[in-house]
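Please keep the sequence and the model side by side as you read.

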Amino acid sequence: MSTSTAVDPRIAKSNDALRTPMGEFWRKFKKQPVAMAAGIFVLFLIVVAILGPVITPFDPENYFDYDMLNEGPSAAHWFGVDALGRDIFTRIWMGGRVSLTIAVVSALVDLILGSIYGGVSGYFGGTLDIIMMRLLEIINGIPYLIIVILLMMILRPGMMTIIIAYSLVGWIPMARLVRGQVVALKQQEYIAAAEAMGAGPARIIARHLLPNTLSVVIVRVTLSIPSAIFSEAYLSYIGLGIPLPMCSWGSLAQLGIENFRIYPYQLIIPAICISLTMLAFNMFGDGLRDAFDPRLRR
C-alpha cells in the first residue's frame with residue numbers, strides 16, 4: 001500500500017525562489033556576516049549623510065560661536081567645535097554628503113562610459129578593438145593629478161570639476177572589464193541566434209551582452225566608490241578639491257591637521273570616517289563578488 005506525501009505549496013514556492021539566480025545570490029550573501037554588516041553600515045552612512053545636516057540645529061557653513069572656539073566633544077557638540085566655532089558633527093555629515101555624492105556620481109559615470117566603450121570594443125573586435133584599446137593605454141598613461149590641475153585652471157573648482165577629472169580616467173578599468181566579459185560572451189549560442197534573427201549590433205550589446213556582465217559590473221562599481229572617496233579626500237587635503245566654505249571629509253582633515261597637536265579630534269574624526277567608509281565599501285564589494293561567483297555555488 002503506497003502513501004503520498006503532500007508538499008506545502010509555500011515551501012515549494014520558496015524552494016523555487018532559491019533556485020533563481022537572485023535567490024541563489026541572496027542565499028550565499030546571507031552566509032557572509034561581514035559583508036552583511038558592511039552593507040548595513042553603508043546604508044547607515046547614506047541615510048545619516050542625507051539627514052544629519054538637516055536634523056542638527058547648527059549651520060555647517062555660517063554658524064559661528066566664538067565663545068566655544070576649539071571646544072572638545074560635549075553633550076551640545078558631539079564631535080566638538082572647530083577653530084571658527086562651527087559644529088564638527090554637522091560639518092562631518094555635510095562633508096560626508098559631498099564626498100559620497102562625488103564618489104557615487106563618478107562611479108555611475110564610469111559605469112556608463114566603461115560599459116559602452118568596452119561593449120563596442122569587445123563585440124566588434126579586430127582592428128577597431130586594437131585601436132580602442134591603444135587609446136585606453138594612452139589615456140591611462142596621463143597622470144591623474146596633472147588632469148586635475150589642468151581642469152582646476154580651466155574650470156571653476158567644485159564638485160563637478162572633481163567628478164569630471166576623476167571620470168576622465170576612472171572609467172578605463174570598467175571598460176577593460178566589460179570588454180573581457182563581452183569577448184567571452186559573444187561566442188555563446190544565443191548571440192548567434194540573435195544575429196540570425198536579424199538583431200543589430202546595438203541591440204545585441206544592449207539587450208544580450210551588457211545585461212550578462214551585470215554581476216561583475218556591480219562588483220566593480222562597488223569597489224570603485226572607495227577609490228573615488230580617497231581621490232576626493234586626497235585632492236581636498238592638498239587644496240585642489242572642494243572650495244571653501246563647502247566641506248568634505250578631505251577638506252575637514254586638511255583643516256584638522258593644522259591643530260592636530262593641540263586638538264587631535266579635529267583630524268581623527270574625519271580620518272576615521274574616511275577609513276571606515278572605504279573599509280565598508282570594500283568588504284561589501286568582496287561579499288557581492290563572492291555571492292555572484294558561480295564557482296562558489298554548492
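The largest nonpolar core has 40 residues, and I92, L209 and I229 touch the most other members. A nonpolar core here is a set of buried Ala, Val, Leu, Ile, Met, Phe, Trp, Tyr and Cys residues joined through side-chain atoms within 4.5 Å. Buried means under 20% relative accessible area, exposed over 50%, and partly exposed in between (1.4 Å probe, protein chains only).

This is a predicted model: local features need pLDDT of at least 70, side-chain atom pairs count only at pLDDT 80 or more, and totals for chains, interfaces and linings use all residues. Residues are numbered from 1 along each chain as its sequence is written, and side-chain values use heavy atoms, leaving out hydrogens and water.

Now take I92. Leaving aside neighbours within four places in sequence, I92 is in contact (heavy atoms within 4.5 Å) with F79, W249, L252, I269, P270 and C273. Apart from this core lies another, of 12 residues, including V98, M152, I163 and V169.

Next comes α5, residues 126–140. This helix has 15 residues and reaches 21 Å from its first C-alpha to its last. That is close to the expected 21 Å, which is 1.5 Å times one less than the number of residues.

In α5, D129, M132, M133 and L136 are buried. They lie on the same side of α5 because they cover an arc of only 100° around the axis, taken from the directions from the helix axis to the C-beta atoms. The buried residues of α5 pack against α4 and α8. The face turned away from that buried side carries T127 and I138, both exposed.

Notes
Helices (H or I, at least four residues) and strands (E, at least two) are DSSP runs, numbered from the N terminus.
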